[in-house]
Amino acid sequence: MFNLKKKNIKDIDLLLLLSTIALSVYGLIVLLSAYGGNISAIRTQLISTIIGFIAIGILCTMDLDVIKRSFRVIYGISIVLLILTLLIGRGLDAWGAKSWIYIGSFSIQPSEIVKILLIFSFAAYLDKYKLTINEPKRLILSLIFVGFPVGLILLQPDFGTAMVYLFFIAAMLFVAGISWKWIIILLLAGLAAGFIIFTNLSGYRADRIENFLNPNRDTSGSNWQQQQGLIAIGSGMLNGRGYMKGTQSQYGYIPEKETDFIFSVLAEELGFIGAIVLIVLFAIVILRLVKIAKSSRNTFVTNMVTGIAAMLFIHIFENIAMTIGLMPVTGIPLPFLSSGGTFQLICLSEIGLALSASMQKSIKDPDILDYDTISLVDLSKISISSKRNIKTPSI
């Protein structure tokens, strides 16, 4: 499992690591302000951040080739965690979803843990069956593989988290080489399912959609949160009101300001400049992940890092977009900023997996042909699904 001989420290993506450190520190600073300067309130986040960087160090020493062989066990752990959540989970009355498991005073959100486990196991699954992914039977089995955990999350019911899963699953399937025929079919099926779900929403979920379509609706009730968040963002202007000096933030006008609406706190107190700094750091992280995925010669690494990049991207996009009125309000946290020890630890662990992949030597996929070896192969004996992986030299 641990094999430093297969790691090349010189190949570590330092820009990704440094950007992650900067985001984590930035997040703790903003979160401290959201809690009114109460340092004890961010103790869990601070501990999770420290553990997260320890996890990065551990993951960077792990041999990914060895770990991926146990992807079925990892997938099984994911299913067990989600079933336990349905059986003993809490939060339905307070947050509308049975998503948390309590162990004494300590709580975890299994659906966050399962994100990284499913990305890892599905990447290994796609790597194992990469040459047959477009065969109807294999594609159906692949969809069942990822659809089962998504279904368990929908039963909580946590539609926001389920949408995150569907996004990174779709990105991984696309990068795995799924044909356009299946992409169009799945897209149409997804649109039909989405239409059925949205037209049958009720309660606060229906209110969120109606508030998004009509921003002036129920501004003193169900739309209060987004309206106050927008006021905070607008009042920040260029330079912000000053650290811990935001009126909307410090006087309790913004519900869930430590979690879902942490971006409103940042924008009000640090202004447009502070928001741009955050977005630039996020952009660096996503672009470095994309670079690792594109430059890899191993389908497992490409699929895994694609899933990580997609998961972080949809969290960043949805959270910021909902606070500025471009998307409906959901309970999607902002990576490295929103309060939540489980989520912070998972985000940092995902970065650790990507950094481990960037350092690992000889992680070339033996099943993918490249220009250097094509002359040694009898092309007449290669199936169509294999030929699509042949790389031709650039002119």
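The following legends describe close-up views of a predicted model.

View 1. With a relative accessibility of 6%, Thr49 counts as buried, because buried means under 20%. Apart from neighbours within four places in sequence, the residues in contact with Thr49 are Ser24, Leu28, Gln344 and Leu348.

**View 2. Salt bridge between Lys68 and Asp127**. The structure holds five salt bridges. In the one formed by Lys68 and Asp127, the closest N and O atoms are 3.0 Å apart. Lys68 is placed in the loop between helix H3 (64-67) and helix H4 (71-88), whereas Asp127 is in helix H6 (residues 110-128), so the pair ties together parts that are 59 residues apart in sequence. Both Lys68 and Asp127 are buried.

**View 3. Salt bridge between Lys115 and Glu112 within helix H6**. The closest N and O atoms of Lys115 and Glu112 are 2.8 Å apart. Both residues lie in helix H6, with a spacing of three residues, or about one turn of the helix. Lys115 and Glu112 are both buried.

**View 4. Salt bridge between Arg241 and Glu268**. Here the closest N and O atoms of Arg241 and Glu268 are 3.6 Å apart. Since Arg241 lies in the loop between helix H11 (224-236) and helix H12 (247-250) and Glu268 in helix H13 (residues 262-295), the pair ties together parts that are 27 residues apart in sequence. Arg241 has 39% relative accessibility and counts as partly exposed, whereas Glu268, at 0%, counts as buried.

**View 5. Network of Lys68, Asp127 and Lys130**. Salt bridges with shared partners join Lys68, Asp127 and Lys130 into one network.

Technical notes:
Residues numbered from 1 in each chain as written. Predicted model: local features only at pLDDT ≥ 70, side-chain atom pairs only at ≥ 80, totals over all residues. Heavy atoms only, no water. Buried < 20%, exposed > 50% of the residue type's maximum accessible area, 1.4 Å probe, protein only. Contact = heavy atoms within 4.5 Å. Salt bridge = Lys/Arg side-chain N within 4 Å of Asp/Glu carboxyl O. Helix = DSSP H or I, 4+ residues; strand = E, 2+ residues; numbered from the N terminus.
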